[in-house]
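Here is a briefing on one chain, grouped by topic. Keep the sequence and the model in view while reading.

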Amino acid sequence: MGTSGYVQAAVQSGLITGYLDGTFRPDNTITLAEGVTVARRLLGYQNSDFAGAYPSGQMAKYRDLELNLGVSAGQDSPMTRRDCLYLFYNLLTASSKTTGQPYLYALGHSLTPTGEIDLVALVNSTIEGPAIVGEGWTSKVSFDPATARAVYRGGKTSHYDALQDGDVVYWSKSMRSLWAYTNQATGSINAITPAAAPTSVTVAGKTYSIETSAAAYALSDLGSYQVGDTVTLLLGRSGGVAAVVDSAKASSVVYGLVEAVAPGTYTDKDGNSYTADTLTVRATDGSQRTFRCDDKNMKAKALVEVSTAGGTVTVKKLKTVSLTGKVSKDGAKLGDKAFADGVEILDVYENTALRIYPSRLAGVDLTDSDKVKYYRLNAAGEISHLILNNVTGDLYQYGVVTSATSQDLGGMNLLGTYVYDIGGQTIPTGPLPKTFNVEVGPARFIMKDGALDSMTNLTSVKLSTLDGDKAIGETTTWPLWDGMAVYELRDGKYYLSSRSIVEGGNYALTGYYDKTADKGGVIRVLMAKAS
């Protein structure tokens, strides 16, 4: 639609009337008073609703409806793009004269219970899909996915070239963004419910809802799969089944950590039920997968290789293959071995694991023999898979200790009572039959089996400024953790804040780290104090 088309649409909607000489002058700047005129007409207010000279009544209503929040332009001043953004954003939550409801409702959207724009719902309303990465998949996307402005894979910022066959992709044309999900489940089908029009399927002892009509058809009595078949489920953004792959016709190998082992009920080809263990495995690509396992000695925390070939799933423990060296400052290689494109790196602690990327390891010293638990090389001699032994510390939790007291019960007995804050949530421990050597302030918290196992204060460093993903100190530069917690210290109390707030204010900044940068340490907590 050309400029004239937009002008015509605005005139027909009653939003604009033009100048006295009959022109509209679309190339002119728009003043705040003119912008407010359009906004109040969208809300159902007409000229007859206002007494006195234009635009005094309109501007009074503009302030009464709080359309002025964040707008800096004066009544007769040209509006900037920023002013227009704030005016329209405020318009969305303002009440319409005709309906009494927020204007956003007229656009088919809603507010949160606290009266704010539901951004998640807004984004969800633009999302389409899914499509399964493979031959011809790009034709299903409503724009050229190679030109996407943003790509997210497995919950992390990624890029188009990192997408792999079997990824479940959703997209937003208006945002030109892609979201790829990598979770899968492989095993034999135990149940399909109901058979004629399936809504759920049980594979490897775990039941999954069915997300797409294509997956429902494939699993129905008209489709290709039935109870007893070995399949791989490709799971979408809701955790439901987006597609089904015949594992009997494909071979795959997965490396990872066993996060959990639980009994599951299975059905053999003759329809008889039996019980076997189901493994939940965190793969090196970051996805979570489930498999049936007949090895009764398999336990959580084991590193495994799971191969699927000809419909048979084989699980075996990995033997430790050590590797030592230092990761280059550009994150391109470990020692004398280069990282392959798309290298899969898993950092493991107990029975949890997290996929990380080479940039996270840039400059980190891995010369200790216990840092690398397993690695594989590709045909070019590059590292394609790497499993680390708790190198980064990113699997711990970080926050602040707000209260720490101990009581001597006599002899060698001590009683400790603590209160700590993680992510703005205050957590009291109650009296503990042990004490932690901590003081009030930023700390690292280690959980074990769902309970607090230890807490340790972090080390402080005064910062002069933040620059991208770096913190600039007086003599050193520190990397910032992606999950860095930000607090404001005010009147001796800690208040959860954000980087954008404290970075733009008059605050003295202090960073807190867990270990030196060459050991994988980063700024975990940022403390701001008004200066």
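**Hairpins and overall build**

Strand β12 (residues 273-283) and strand β13 (residues 288-293) run antiparallel and are joined by six bridges. Two strands count as paired if DSSP finds at least two bridges between them. Helices (H or I, at least four residues) and strands (E, at least two) are DSSP runs, numbered from the N terminus. This is a predicted model, in which local features need pLDDT of at least 70 and side-chain atom pairs count only at pLDDT 80 or more, while totals for chains, interfaces and linings use all residues. Residues are numbered from 1 along each chain as its sequence is written, and side-chain values use heavy atoms, with hydrogens and water left out.

**The two hairpins in detail**

- T278 stands opposite R292 in β13.
- Four residues lie between β12 and β13 in their hairpin, and G286 in the turn has a positive phi of about 90°.
- Strand β26 (residues 441-448) pairs with strand β27 (residues 451-457) in the antiparallel sense, over six bridges.
- F445 faces M455 of β27 as its opposite residue.
- The hairpin of β26 and β27 has two residues between the strands, and D449 takes a positive phi near 55° there.

**Whole chain**

- The chain holds seven helices and 33 strands.
- Its C-alpha atoms fill a box of roughly 85 × 70 × 50 Å along the principal axes.
- Of the 531 residues in the chain, 43% are buried. Buried means under 20% relative accessible area, exposed means over 50%, and partly exposed lies in between (1.4 Å probe, protein chains only).
- Among contacts with a separation of 6 or more, 54% join residues 24 or more positions apart. A contact means heavy atoms within 4.5 Å.

**Helices α2 and α3**

- α2 (32-42) is mostly covered, with eight of its 11 residues buried.
- Those buried residues are L32, A33, G35, V36, T37, A39, R40 and R41.
- They pack against α3 and α4.
- G44 follows α2 and has a positive phi, near 95°.
- In α3 (residues 56-64), the buried residues include G57, Q58, M59 and Y62.
- The cover over the buried residues of α3 includes α2 and α4 (81-93).

**Two buried loop residues**

- A73 sits in the loop between α3 and α4. A73 is buried, at a relative accessible area of 14%.
- Leaving out residues up to four places away in sequence, A73 touches L32, P78, M79 and D83.
- A73 and L32 are 41 residues apart along the chain, yet their C-alpha atoms are separated by 6.3 Å.
- T212 lies in the loop between β8 (206-209) and α6 (213-219). T212 is buried too, with a relative accessible area of 14%.
- With residues up to four places away in sequence left out, T212 touches P130, V241 and A242.

**Nonpolar cores**

- The largest nonpolar core has 28 residues, and I523, V525 and L526 have the most contacts inside it. A nonpolar core is a set of buried Ala, Val, Leu, Ile, Met, Phe, Trp, Tyr and Cys residues joined through side-chain atoms within 4.5 Å.
- Two or more residues of this core come from each of β23 (397-410), β28 (459-467), β30 (477-490), β32 (507-513) and β33 (523-530).
- β30 gives the largest share of this core, seven residues.
- Apart from this core lies another, of 22 residues, including A33, L43, A73 and L87.
- Beyond its neighbours within four places in sequence, V525 contacts Y398, G399, P442, L458, M484, A485, Y487, T510, G511 and Y512.

**The second largest pocket**

- The second largest pocket has a volume of about 740 Å³. A pocket, on a 1 Å grid over the protein atoms alone, is an open set of points where a 1.4 Å probe fits, with protein on both sides within 12 Å along at least five of seven lines. Grid points are joined across faces, edges and corners, and a volume is the space filled by probe spheres set on the points.
- Its lining has 25 residues, and S359, R360, P479, L480 and V522 lie nearest its centre. Lining residues have an atom within 4 Å of a point.
- β19 (352-356) and β30 are the elements that give two or more residues to this lining.
- The largest share of the lining, seven residues, comes from β30.
- By class, the lining has 11 nonpolar, six polar and eight charged residues. Ala, Val, Leu, Ile, Met, Phe, Trp, Tyr, Cys and Pro count as nonpolar, Asp, Glu, Lys and Arg as charged, and the others, Gly among them, as polar.
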